[in-house]
Protein chains: 2
Amino acid sequence: MKNENVSYRSLDPLFYPRSVAVLGASKNPNKLGYIQVKALLDGNYDGAILPINPKETEIAGLKCYSTLSDVPGPIDLAIFCVSASQVLQSIEDCGKKKVKAAIIFASGYSETGVEGARQQEMIVDTARKYGIRLIGPNCVGLVNTLNGLVGTFSPAVMSHPLNDQRAVGYVSQSGAFGILTYMAAAQNGLTFNYFVSVGNEMDTEFADVVEYMIHDPKTKVISGYLEGAKNPAKLRQLAKEALNKNKPIVVMKTGRSSAGSRAAASHTGSLAGSDQIYDAFFKQTGIVRANDYEEIISFSKLFLSGKLPTGRNTVIITSSGGRGINEADRCEASGLKIIPLRNETKEKIKEALPSFASAANPVDLTAAAAVTNPELFIAPLKALLEDQEIDNLIFTEFPMFWRDDHPLLQEFIQKCKESDKFVLVTTFPLQGMSIPKGTSEMEKNGIPVIPGNLNPIGALAKLVEYSEKYRKNQINEAQAGQKYPVLKGSKPNLQQLLKPGVTLSEFESSEILELYHIPTSQKALARTAKEAVLHAKSIGFPVVMKIDSQDIPHKTEANAIRLNLQNEQDVVDAYADILSSGKMYNPDAVINGVSVQEMLPKGTEVIVGVTKDPVFGPVIMFGLGGIFVETFKDISFRVAPLTRQDAAEMMEEIKGKAILKGVRGQAPADLETLIDVLLKVSDLISDADGGIEEIDINPLIVYENGLKAADALIITSHSSLEKTEAGRR
Amino acid sequence: MKNENVSYRSLDPLFYPRSVAVLGASKNPNKLGYIQVKALLDGNYDGAILPINPKETEIAGLKCYSTLSDVPGPIDLAIFCVSASQVLQSIEDCGKKKVKAAIIFASGYSETGVEGARQQEMIVDTARKYGIRLIGPNCVGLVNTLNGLVGTFSPAVMSHPLNDQRAVGYVSQSGAFGILTYMAAAQNGLTFNYFVSVGNEMDTEFADVVEYMIHDPKTKVISGYLEGAKNPAKLRQLAKEALNKNKPIVVMKTGRSSAGSRAAASHTGSLAGSDQIYDAFFKQTGIVRANDYEEIISFSKLFLSGKLPTGRNTVIITSSGGRGINEADRCEASGLKIIPLRNETKEKIKEALPSFASAANPVDLTAAAAVTNPELFIAPLKALLEDQEIDNLIFTEFPMFWRDDHPLLQEFIQKCKESDKFVLVTTFPLQGMSIPKGTSEMEKNGIPVIPGNLNPIGALAKLVEYSEKYRKNQINEAQAGQKYPVLKGSKPNLQQLLKPGVTLSEFESSEILELYHIPTSQKALARTAKEAVLHAKSIGFPVVMKIDSQDIPHKTEANAIRLNLQNEQDVVDAYADILSSGKMYNPDAVINGVSVQEMLPKGTEVIVGVTKDPVFGPVIMFGLGGIFVETFKDISFRVAPLTRQDAAEMMEEIKGKAILKGVRGQAPADLETLIDVLLKVSDLISDADGGIEEIDINPLIVYENGLKAADALIITSHSSLEKTEAGRR
């Protein structure tokens, strides 16, 4: 069993060991055991390197020990370059020597099936017995570029010189993708401080590494590659801590498509939830979702420049009209706004530019002008920096003749530094179109210069989203006392109502909703036609009548529902009709009777639902009712429990939100009360503690003031086991 | 005035001149006039190079002439390296010397405003007088890499060695973007045969170059960069010719965003239509829209491999699970289908792979396996090639150890060649991850190998779309006799009904629709309440009543419409109500009376409309009625005139198409009759010959059999000038 309470500090020996033993060290340069020793040497690892091999006395100039126990001093970390069959015994040896952590590359474990998983479990149990922290198996290892700990056989690290910029950590569930990302980052001026390939995550999981980096002062951005979140509750809590610290988590999550998800499931054995839920989770937690590794690199570089964008309003400055238009397209596709310039700003720019340049947005300096007259870059900059409407400036090209000591470059940098506007310079990465001079000087001064193929515009848009989330979080933190009160008092009654493993009738479901102060339509159960008439009179005409049976959840399909009944005769006829339809639809159904309900006036029909996701547990859904949810799939999700901000964002996210606000002369829907309903459902789910499998409040009819559920369905969980499973998440 | 009938052959002297004069040739190596002479020399141009400069006798080893008239032989092409002020006189000189064509780089013309446009017009007039074809001004020139004609000052061409692959032509409305694309293509194994920067298109337009390439046997793909189509009717006809010849046109069109469009308008002075109409136009014509220059390069390479994909069903073969998932995501996002493998195929693959590999889709060979056992690439390939469900195979990696003469490589190539399945190999473009050996051998044998950063998957998806369009076009061509019969007989009556420059009343609009056999609701105009009752009785209750006035087009807004009137009294009351509402809404309105109409039974409400686009002329719109068009903007467009296929695609394209096919127990809508209506509207627009500005048939109520317009509005064009302008398109 995993010990959830182990402190992140126990990972220190993995990142900062004072000594590293290489098990299975070798003299053969083609063997893993040699490559690993050499990597530590070439990496200038700042601790002791201890090759272990009973057949050798020296490897690569280092003293070689026969066994771990022969090593005189303590050993912090062991790197396993041994075959799978030797791993278990070696862990025992490590335990006896009091080794604190180990990296295991070998594959053939849980990723191959039941027998491999059993082997893996034995290794973990042994390690836990001795308190050893593990990375792997089936991984490419761990690298710390700050102390030279190259704990990997991959040549990628040694083949790339270290950049100065080393404040971004990276953790990957795919070794190959991880290495690729490491290389691409290194080639673009960014060396990860930590690189961790978590492999099968038998002990150290993705979230554990994130936690370590959150507490590590040398890490300013946490990046990673994710196939499936194993512990979303922990990740959610960590994301909150990271947001409080303004330390972004940027993750590339694959398996967007149904096909991709299938592959992810069979690849790492991790349970991948549907991508839509992941998207909701990322939005909710402020984790930045990168589309590709290029965006990870760009986002990190933009963040490290030190400024957070103040908004979405963006101006492009170009010396190629065509490129300006293209970048404007990219901006708008990413969610940045290309705003029309104010006349005042336009006039200032026009004064400074030749007649054939364009003072619109994009500002087109024209190629000829930019080449012969570098002043053209300065005057528009000044005008734009003075305009309070603008948040971001993107220079799509840069004067090729500017050098580090060019006075105009210094002026350019100075102006940008004094402003709170975000300034981004993008370049072309083509051969023969070399990176312009002066860019290193700019980067040193907090102006990021990023090649176009790293999608800097997409990354900027994500940084804007991140800053919005960060600022909202700051406000929420300040108002922390004003949270929605949890209705814990309802809990004892709730447990009685939640019979396990059944589909509750509309009556029973409504009772539970009412317990949480979610209004439902007035209703009474009739067991005879006469009773139905009495109920109808008491409720008031017109009424609705529906069959009441746990065995007929889909009442419309069974033709066992009648609307808009105007008088006694209607009710008597409907009673007989409904019963016979119900019996015809399902002759074995146990029918409790016929429910007589008030006919609700028209309003905006919405649906509020709950479903249980295999990864995230209970997930709350919101959408417009009827055809909108069926045909347009116009719905939004959030993982429970919800905050008020989550609930508000759910309404904002649907495409048909204009309908909520009132179209075609209809009154706007009571959004505040609707938000309350979502929060109450969230409370209900928490209180049920895994006991609820699904909820459908459909339709929930929302009025200008207030709302009422016209129908409701709750499905409870089957067993206490299921409850515990779900409760654990 | 532009002479539309000039044959594309008149462009021959631009592409294949036997002699080229360089006006303003110079000895100064920093001057355009030297750079241009040198470029022709270094390009090994296969004709005579004739420097012209009165002050020199020799330039770069070539005899220099004082004036054009001093040149003894004929001159096919003149390249103008002179300042803008000398251009007009030089054109006169060219005319006298019977020069056939000229390239003009200079800027400062129509792109700068009215005065520049006037200058430009004078140049064109002079050139037309002498029959000289022109490229430019404000362009970077024209290059033919087949005969060494480097007609540009850009160093890009000379700084890149020529590739063998030279069957793709390129034409650009942006010089800078054009050069960038040329360089990127050349760096990725593709040298354009022709490169044309059309600049201000004063004579030779984008479409003219496309036309030349369609007729050029050395061009297999026509590519380009477009900001605004100047002659969409010509482009549409050319696209049809190109499709008949299976010669794809692949175009990067910028200005997708509203902001981008604004910039495009001010950049080239071309009128950019809304991007949605461009998208419709491209879909309609089979022009492939590339998102970036990378897709132009990839698409061209994929097409040149010689196979057309047979469908969308795609299997990924990877040796990195993570990358496989990521590529699967990209496939599904692009519209390719990652299909689950059939059991039979799975079993065959499983037999050949180690236990820890995955026989799902993506097929994961695993890194270790792929490195130590190259046979692993062959057995799955065989199984997949035998599976008839599969159209495309994508190999995301490739064995690094395969060399040109490796027997397994030869077997791999042989198997792929024998199959009609499309096989694509993608590679990583990172330094330190070199292109694997054997790729040149594969490319020689029709297996495209494309780096991942060129978006080969997006390009493959576009090639699939292209082949679908190509095959549909072949079928349509074969059935060319079966076109929808044009109702030309209606035309004389139509012209009488189209009073110029007015909003026709619903009566008048309906009359026109009926002329084209589009059924409208039965209706009669009442001028008294008594008349209204008589009409209602004759039509049959219930009825609808509406005000009839050209001055009140928005009847609902004026509260001047009453539905579901059940009896005489209702009609009498409604008559009075409607008149008073109408008068209150617009006291000055001329009211013809009240229209009494049949109350149409419920059906699927759709909207069919026509609007006039500034670029494309009349455009036909289709969508679901009411809230769907208002809130979800769920509409599709096609440029008139429509083909039956266009109309059918319009229904397929809307998101709510399921509603047309019947949801929630509703009957499906009569799509065939709906298609007929769209074609009839298209005919009406053609017959009106520019006389119609807008049409709104809203709602058109569609039943299981047949349909009827419940309301209609036609706005006619203001003047005969407007008619001619629109008719010309």
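I count two residues as in contact when heavy atoms lie within 4.5 Å. With that settled, I opened my notebook.

**Entry 1: ground rules**

The model is predicted, and local features need pLDDT of at least 70, side-chain atom pairs count only at pLDDT 80 or more, while totals for chains, interfaces and linings use all residues. Residues are numbered from 1 along each chain as its sequence is written, chains are lettered from A and ligands numbered from 1 in the order in which they are written, and side-chain values use heavy atoms, with hydrogens and water left out.

**Entry 2: A:A185**

I started with A:A185, which sits in helix α5 (residues 175–187) of chain A. Helices (H or I, at least four residues) and strands (E, at least two) are DSSP runs, numbered from the N terminus. Which residues does A:A185 touch, leaving aside its neighbours within four places in sequence? I found A:L190, A:F192 and A:I297. I then looked up its accessibility, where buried means under 20% relative accessible area, exposed over 50%, and partly exposed in between (1.4 Å probe, protein chains only). A:A185 counts as buried because its relative accessibility is 0%. I also checked A:A185 against A:A48: they are 137 residues apart in sequence and 29 Å apart in space, C-alpha to C-alpha.

**Entry 3: domains of chain A**

Next I noted how chain A is divided: domain 1 (1–138), domain 2 (155–304), domain 3 (312–477), domain 4 (522–599) and domain 5 (604–728). These bounds come from an automatic or database domain assignment.

I looked at how domain 1 of chain A meets domain 2 of chain A. Their C-alpha centres lie 24 Å apart, and 26 residues of domain 1 of chain A are in contact with 20 residues of domain 2 of chain A. Together the two domains bury about 2000 Å², with 54% of it on carbon and sulfur atoms. Which three residues supply 30% of the area that domain 1 of chain A buries against domain 2 of chain A? They are A:Y8, A:F15 and A:Y16, and they supply more than any other three residues. Buried area here is the accessible area (1.4 Å probe) that two parts lose on being put together, summed over both.

**Entry 4: polar links across that interface**

I counted 11 residue pairs in polar contact between domain 1 of chain A and domain 2 of chain A (both at pLDDT 80 or more). A polar contact is a pair of N or O atoms within 3.5 Å; within protein, one must be able to donate a hydrogen and the other to accept it, and residues adjacent in sequence count only if both atoms are side-chain atoms.

The interface of domain 1 of chain A and domain 2 of chain A also has three salt bridges, a salt bridge being a side-chain nitrogen of Lys or Arg within 4 Å of a carboxyl oxygen of Asp or Glu. I looked up the salt bridge between the side chains of A:R133 and A:D208, at 4.0 Å, N to O. Both residues also belong to a network of salt bridges that links A:R128, A:R133, A:D203, A:D208, A:E211 and A:K234.

**Entry 5: salt bridges elsewhere**

Over all chains, the count comes to 83 salt bridges. One of them joins A:D711 and A:K546, with the closest N and O atoms 3.5 Å apart. A:D711 lies in the loop between β29 (707–709) and β30 (712–716) of chain A and A:K546 in strand β22 (residues 543–548) of chain A, so the pair ties together parts 165 residues apart in sequence. Both A:D711 and A:K546 are buried.

B:K555 and B:D711 are both buried.

Most residues other than glycine have a negative phi, and most peptide bonds are trans. I therefore wrote down the exceptions.

A cis peptide bond joins A:F541 and A:P542, with omega about -10 degrees. Another cis peptide bond joins B:N361 and B:P362, where omega is about 5 degrees.

A:N564 is not a glycine, yet has a positive phi of about 55 degrees. A:N564 is in strand β23 (residues 561–565) of chain A and, at 38% relative accessibility, counts as partly exposed.
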